[in-house]
Structure formats: structure tokens, C-alpha cells
Amino acid sequence: MRLLPVLLILLLTSARCPAQPGSVLPHGDFEQPDARDPARPAGWDRVDGLGVQWTKAPDPAHGKAIRMDTRISEQAMQAQWVKTGLTNLWNIPKPEKNAIAETYGLSLYSDAIPVKPGQAYRITFDYQGPDGGAKVWVRGWGMFQGEKQRRWETYVNCHGRNGVWTSCTQVFHPTRARPEVTEMKVMLFAFYPAGVSWFDNIRIEPIPEPAKPT
């Protein structure tokens, strides 16, 4: 008799966490928590909880998403990084009172995913926030001079307007100019003008032919 509630929970969870067929980036919809740290989105770095939050989107259709508030001051962000133990990732030696949008901005990395040699990809994502106030980077790593280094990158400018979700997309080919690239990460980045940016439904799909090298 206790199986029915469990099955209902599983069905409801599946409805909230739709699969992303065709995407090589796991958890681009931000619906799943990390198995070891429920406060962290699966497949992504820890969020600081102030400038970068993993929380419910403004509309229920988007479920959970990443929210970045670049109106927060450098001093407040530095204090939050110290509080949450993230100074190994983010650290401002002499933080000021100005909004972090004016200097460093805010960012969040995905886990690394493999890159297939000679493969072109398309990144697609939903953005809500100031027009031109954010970018989504794809960065590639590979062995160079005996150590793993960042060897390639591209980015998509986020165009849109506050209060409206906009779909952004771009084709890229990480190994065309850098055949040594073996893995890549997505980096969400919000900066100027100061405001609130949202990111959701990030997909990276292999495609047959690239439009042009990037």
C-alpha cells in the first residue's frame, strides 16, 4: 500500500525534470540537486546564495533556474564567498562598495563534458535580463606543453529584455583550430548593466556541419 505514494512522487519528479534528448550537457535544466550536496544544482559548481542563486524562476513553466544579481556590491559578495567557503573560486583582495557589475561580474561553471574530435555543436539556452548584460561562454581544455590548459573558447551574447525569456543559440567547433581540446565547460556570466539575469534550459547538441568556425 505504501508503493503508490512513492510512484506518485517519482511521476511528479519526472514531470518537473524533463529529459533533454540530444544534449550532451547533463542537467542543463537545473531541476536536479547534486546527490552529495542538495543545495547545489547537479552538474554545476556550488552557488554562493547571494549574487548567484539556484532558485525558482519567475514563472512556473521554467521550474528552477540560475539567478544572478550584479547589483550586489563587491564587499557584500566577498563577505558571502568567505561565509560559504568559496574563496578558492572567487576572491577580491580589496573589495569596494560599487556594484560587482562594474568590475568582475558574476559567473557559474558547469562540470566538464567530453569533446568529440572533429565534432561541431550547437548551444541553445533561455535568458531573461538586461539586453547585453550577460554572456554564456563555452571553454575548452586540452593537454599543452605537458599539462592540461584552457585552449579554446567562444561566447554567446545574451539579447533580450527584462521580464521576458529569450532563446539564444550559436554553432561552434572546438577542435577545428585546437585539435588538442578534449573537454569543455559552460560558464554563465552576468556583468553590466547592473541588474538581475536568469539562465535556464541550456543544451549542447552535436550537429552534422558547422556554419563557420568559432
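Strands β3 (residues 106–109) and β9 (residues 181–190) run antiparallel and are joined by four bridges. Strands here are DSSP runs of E with at least two residues, helices are DSSP runs of H or I with at least four residues, and both are numbered from the N terminus. Two strands count as paired if DSSP finds at least two bridges between them. Buried means under 20% relative accessible area, exposed means over 50%, and partly exposed lies in between, for a 1.4 Å probe and protein chains only.

The model is predicted: local features need pLDDT of at least 70, side-chain atom pairs count only at pLDDT 80 or more, and totals for chains, interfaces and linings use all residues. Residues are numbered from 1 along each chain as its sequence is written, and side-chain values use heavy atoms, with hydrogens and water left out. The pLDDT is the predictor's confidence in each residue, from 0 to 100. The protein chain has an average pLDDT of 89, and 88% of the residues score at least 70. Over residues 1–19, however, the pLDDT is below 50, and this stretch has five contacts in the model beyond near neighbours in sequence. A contact means heavy atoms within 4.5 Å. Where pLDDT is low, the predicted coordinates should not be read in detail.

The protein chain as a whole contains three helices and ten strands, in the order α-β-β-α-β-β-β-β-β-β-α-β-β along the sequence. Of its 214 residues, 48% are buried. Among contacts between residues at least 6 apart in sequence, 71% join residues at least 24 apart.

What lies in the interior? The largest nonpolar core has 38 residues, and Ile-66, Ile-123 and Leu-188 have the most contacts inside it. Strand β9 gives the most to this core, with five residues. A nonpolar core is a set of buried Ala, Val, Leu, Ile, Met, Phe, Trp, Tyr and Cys residues joined through side-chain atoms within 4.5 Å. Beyond its neighbours within four places in sequence, Ile-123 is in contact with residues including Val-136, Val-156, Cys-168, Phe-172 and Ile-204.

Some details of the backbone also deserve attention. The peptide bond from Tyr-192 to Pro-193 is cis, with omega near 5 degrees, and Pro-193 lies in the loop between β9 and β10 (196–207). Gln-145, in the loop between β6 (134–144) and β7 (147–157), has a positive phi near 55 degrees although it is a residue other than glycine. Gln-145 is exposed, with a relative accessible area of 68%. Asn-201, also not a glycine, has a positive phi of about 50 degrees; Asn-201 is found in strand β10 and is partly exposed, at 28% relative accessible area.

How many disulfides does the structure hold? It holds zero, a disulfide being a pair of cysteine sulfur atoms within 2.5 Å. For Cys-158, the nearest cysteine sulfur is that of Cys-168, 5.2 Å away. Cys-158 is buried at 0% relative accessible area, and Cys-168 counts as buried at 8%.
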